[in-house]
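The sequence and model come first.

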Amino acid sequence: MTNFLQRLQLTRLRTKIILPYFLLTTMVAGFGAFVITQLVTGTLKERFDNQLLDAGRVVAESMVAIERDRLELVRLAAASAGVPAAIANQDTTTLTTLLPQLLANSEADALIILDNEGQPLYNGTNNNTLSLDNIDFTALPPVQTFIDTPPTNNNRQVAVAQTETDNWFFTIAPIFATTEFVGFVLVGTELENLSQILAENAVARVTLYSPQGNPLASTLDLDQLNTDIDFADVYPQVLTASSQYVLMDTVTSLNQEYQLAFNNWQLRGQSVGMYSVALPINFIGTATNASRNSFIIIFALTTIGVFTIGYWTAQLITRPIRRLVNTATAVAEGDLQQRVNIENKDEIGTLAQAFNRMTETLVERNQQLSVQKSELQAILQSIADGIIMFNNRKEIVTTNPAADQILADIKQKLKTSAIIDVVQLWIDQLNLHATTRQKVGHRVFSVRPSAVTDPNQEIIGHVVVLRDITRDVEAEERQNNFITNVSHELRTPLTAVKGYTNLLIASGKETLSEQHLQFAHTIEQNTDKLIDHVNTLIDIAEVQDGNITLKPERIDFNQLIQDVAQPWLQKFTDKGLQFSLDPAPEPLWVQADARRIKWALKNILQNAYDYTLTGQISIKIFLQDGHACATIKDTGIGIHATDVPYVFQRFFRAEHDQTHDVPGLGLDLFISKALITAHDGQIWVESELDHGSTFGLALPLITED
């Protein structure tokens, strides 16, 4: 089947364009032949009548449009500033000044202002040949009605005025000065002009009649009109006709036969007469009586011509598209030197230019990627740290020489070929933002994994940085051992100094002067401070080595925190900080080394004191989930979200512009966590930059004896 379609070339774009075009043309041609045949077989009389009725509808719509223009002029004249007052004051000078411009800007033929007794105050026409002198405006029914019964609203009426020379159609409206009826405004259209306008719009002959059937104006030559129609009898038929139009027999004018259609001349719900439209009998022209076969032949020839044009058009469209497809295929296969040579000014030409620009951009990007790849490769080769990149399938994507050497060493030490699983296990166990140490044999590595994400923030792999820090760790151990040994060595003579000082004070109370005894007390106090500092150094070394020695005892956690907080009250007050302590309502008994817990709490309070510039510090003690808990909350500078995971790491200090002068090595919180963790407790922090921090700790509760 596929081969058959290929032989017919039905899958080609050219065929897909031509075939539907051909089928559609054939269908349209066949349908057109059928429709034309049906139209030819129809009656010419029916089509002629429809044309006549359409002309009548156009006349009716034109009358409404012209009436809207007259009403606009009525509104402008009645609403113009100064006009109502001028009418009330019989001020014709002002009216002559204000009204001509309004009439000149309208399509109306005349603008008349009457006072409230129907006497003209202003007569204006747009044509000097038109005359209003012979019109008795008080004889117009609307004017008579308004004079007899002054109007109270803007009731607008229409009327026809007949003179010996000109016949007029008026739109009449009362004018009020505030609420007082002062006169009339009449906007007139000369009926001969009106019939000419209506005839031009309807493309037909138009005649206007009075209710008595007298022609008032016409575009037919009434003097040469030959008809047996009694127009006086037509008006009652128009008023009572069930259909909109009354069709009459033909009339003859200047040897031309016309078909007439009459309709009610009605505006604003008022009938002022009737009008007729007339079309010549030969308006449509002589219809051909060609046979159906003739039309079929014509449409067949037209179909062939259209198909030929369609085939040529399809070729014109598909030829550049084929060239574009061939070039795109070559570029996809790697030949980036190919270009589409299409100079068309249409959409295909625009597509070709865009494709060429895309190819040139692709060449530039490839060059940039090559340069970046070379630079990245050079950087990776020169970095002493090992760098390994994994994809999501735990496969190594790339490594640098340092990583290859480290992996080889680890593989040799572990005696395993599954080194990738070992490194991946490190990734799974670590925080993606934390650096930790991993020991392999006697060597120690710093491992820092980071997630690699795509533009949608989806993780597509991991980059692991490995650094051999064995010598650094050994140096730290030697340093810690040195500090520990020196501290122990210092503690021995200091103990002796303290003992002899106590003996001197005890035995010299009677033999030594008061000043000498004060000297001995000073020696004793400073010796105690030195011993305390030495003990602290030994404790720090034990914490860093992970060999914390505890002397647990049963203590009240509630009272312990209050004892630690008491010495800080004055320091907080001196700095201008508010302090509050909310103890638990009852004792919370824990098994802990009181000295070590006090040390951890002191470090947290010191941190709150150092990093709270203004505001308050509060401590809350409570029982939760079988643990004695405490939170130390401050309103200090807070910690950036990216730094929160590292606050309990050794030597870490968050950077902030306001705290550069705060002393410290970044060990206090590290020591606090180590001490709390050694008691099987928990410690945590919640913080937001510039909004303070909350440190919390929890120790397991023991049952009271």
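The model is predicted. In it, helix α7, residues 191–202, lies across strands β3, β4 (167–177) and β5. The angle between α7 and β5 is about 55 degrees.

- Five strands make up an open sheet with antiparallel pairing, and their order is β2-β1-β5-β4-β3.
- The edge positions are taken by β2 (120–125) and β3 (157–162). Each of these has a single partner strand, so one side of each is left without a neighbour in the sheet.
- From one strand to the next, the twist averages 25 degrees.

**Pairing of β1 with β5**
- Six antiparallel bridges join β1, residues 110–115, to β5, residues 180–190.
- D115 has G183 in β5 as its bridge partner.

**The α17 and α18 pair**
- Helix α17 spans residues 594–611 and helix α18 spans residues 668–678. The two pack at an angle of about 145 degrees, and their axes are 9 Å apart.
- The crossing of α17 with α18 is left-handed.
- On the α17 side, the contact is made by R596, I597, W599, A600, N603, I604 and N607. These meet D668, L669, I671, S672, L675 and I676 of α18.
- Sorted by class, the residues in this contact between α17 and α18 are eight nonpolar, three polar and two charged.

Definitions and conventions. Residues are numbered from 1 along each chain as its sequence is written. This is a predicted model: local features need pLDDT of at least 70, side-chain atom pairs count only at pLDDT 80 or more; totals for chains, interfaces and linings use all residues. Side-chain values use heavy atoms; hydrogens and water are left out. Two strands pair if DSSP finds at least two bridges between them. Helices (H or I, at least four residues) and strands (E, at least two) are DSSP runs, numbered from the N terminus. Axes are lines fitted to C-alpha atoms, for helices over the stretch in contact, and angles run from 0 to 180 degrees between N-to-C directions. Contact means heavy atoms within 4.5 Å. A crossing is left-handed if the near helix is turned anticlockwise from the far one by less than a right angle, and right-handed if clockwise. Ala, Val, Leu, Ile, Met, Phe, Trp, Tyr, Cys and Pro count as nonpolar, Asp, Glu, Lys and Arg as charged, and the others, Gly among them, as polar.
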